[in-house]
Amino acid sequence: MALKSALDSFATSVQAELTLLRNKLQDCGSVVHGTVDSNGSCPAGYTGQAARQCISGTWVPIFQELLSCDKTYTWVNLINRTETNDNACARIGMKAITEPGYATCASGENRFTEGTDHEAISYRYGAWGPTRPSIGPNISANRQGHMCYHNTQHRDGDGSDIAVAALCEALDPGDPAPNPQPVDPYVPPAPPQNER
């Protein structure tokens, strides 16, 4: 009798384990549990398709194995020449670009035809020379104070050198929330005084 009771208890336990296992191994529609495919959505700030896996009846993104997700970059106009790239990007819920070798700013001599909202950049201080079809890699348009210079450009400090836009990217997991600050109006320096 004790043996039969022990066997019944063991059978009940095995049945419960199998039920739990069956529930864990649910298919995603007609797709078998554990299947990996590339029809997932990319995370915010990326375009394309990501790897995903069927886990317990749910498609789960595999962020460590992004297949064809490309990071997207967005231009934002600076309020004035004193606004930092970090602050401009924070205003649109993003961060200043951190990808090495990419452009960080636009000016009348560094006009780009790539990147989200590139057509909305206001070259309000003048434009000169051809546009640039790529934002990176190996692009060296960077802020130097109020100016945006490419490493080979003539630095004459005219209006077409003034930074007018910043290049931004989506926040990564763990990045602090953007905290844009008010931007003080630009006050031009006083003209030099003649000596008497």
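A nonpolar core is a set of buried Ala, Val, Leu, Ile, Met, Phe, Trp, Tyr and Cys residues joined through side-chain atoms within 4.5 Å. Buried means under 20% relative accessible area, exposed means over 50%, and partly exposed lies in between (1.4 Å probe, protein chains only).

## Basis of the model

This is a predicted model, where local features need pLDDT of at least 70, side-chain atom pairs count only at pLDDT 80 or more, and totals for chains, interfaces and linings use all residues. Residues are numbered from 1 along each chain as its sequence is written, and side-chain values use heavy atoms, with hydrogens and water left out.

## The largest nonpolar core

The largest nonpolar core has 26 residues. Trp75, Phe112 and Ile135 touch the most other members. Strand 6, helix 2, strand 8 and strand 11 each supply at least two residues of this core. Strand 11 gives the largest share, four residues. Helices (H or I, at least four residues) and strands (E, at least two) are DSSP runs, numbered from the N terminus.

In soluble globular proteins, nonpolar side chains tend to be buried together.

Strand 11 covers residues 165-169, and five of its five residues are buried. Ala165, Leu167 and Glu169 point one way. Ala166 and Cys168 point the other way. In a regular strand the side chains alternate between the two faces of the sheet.

Two strands pair if DSSP finds at least two bridges between them. Strand 6 runs antiparallel to strand 11, joined by five bridges. Within that pairing, Tyr73 has Glu169 as its bridge partner. Strand 7 (residues 95-96) is also antiparallel to strand 11, with two bridges. Here Lys95 has Glu169 as its bridge partner. Strand 8 (residues 105-106) pairs with strand 11 in the antiparallel sense, again over two bridges. Cys105 stands opposite Ala166 there.

## Aromatic pairs

The structure holds two aromatic pairs. Rings of Phe, Tyr and Trp (its six-membered ring) pair if their centres lie within 6.5 Å; planes under 30 degrees apart count as stacked, over 60 as edge-to-face and the rest as tilted. The rings of Tyr73 and Tyr102 have centres 5.0 Å apart and planes at 35°, so this pair is tilted. Tyr73 is in strand 6 and Tyr102 in the loop between strand 7 and strand 8, 29 residues apart. Tyr73 is buried, at 10% relative accessible area. Tyr102 is buried too, at 19%.

The rings of Trp75 and Phe112 have centres 5.3 Å apart and planes at 20°, so this pair is stacked. Trp75 lies in strand 6, and Phe112 in the loop between strand 8 and strand 9 (142-144), so the pair ties together parts 37 residues apart in sequence. Both Trp75 and Phe112 are buried.

## Charges over rings

A charge sits over a ring if NZ of Lys or CZ of Arg is within 6 Å of the ring centre and within 35 degrees of the ring normal. The charged end of Arg52 sits over the ring of Trp59, 3.9 Å from its centre. Arg81 lies over the face of Tyr125, 5.0 Å from the ring centre.

## Asn80 in its loop

Asn80 is in the loop between strand 6 (73-77) and helix 2 (85-91). Its relative accessibility is 9%, so Asn80 counts as buried. The Asn80 side chain reaches the backbone oxygen of Asp184 at 2.9 Å.

Contact means heavy atoms within 4.5 Å. Not counting residues up to four places away in sequence, Asn80 touches Arg124, Val183, Asp184, Pro185 and Tyr186.

How values were computed: Polar contact = N/O pair within 3.5 Å; in protein donor to acceptor, adjacent residues only side chain to side chain.
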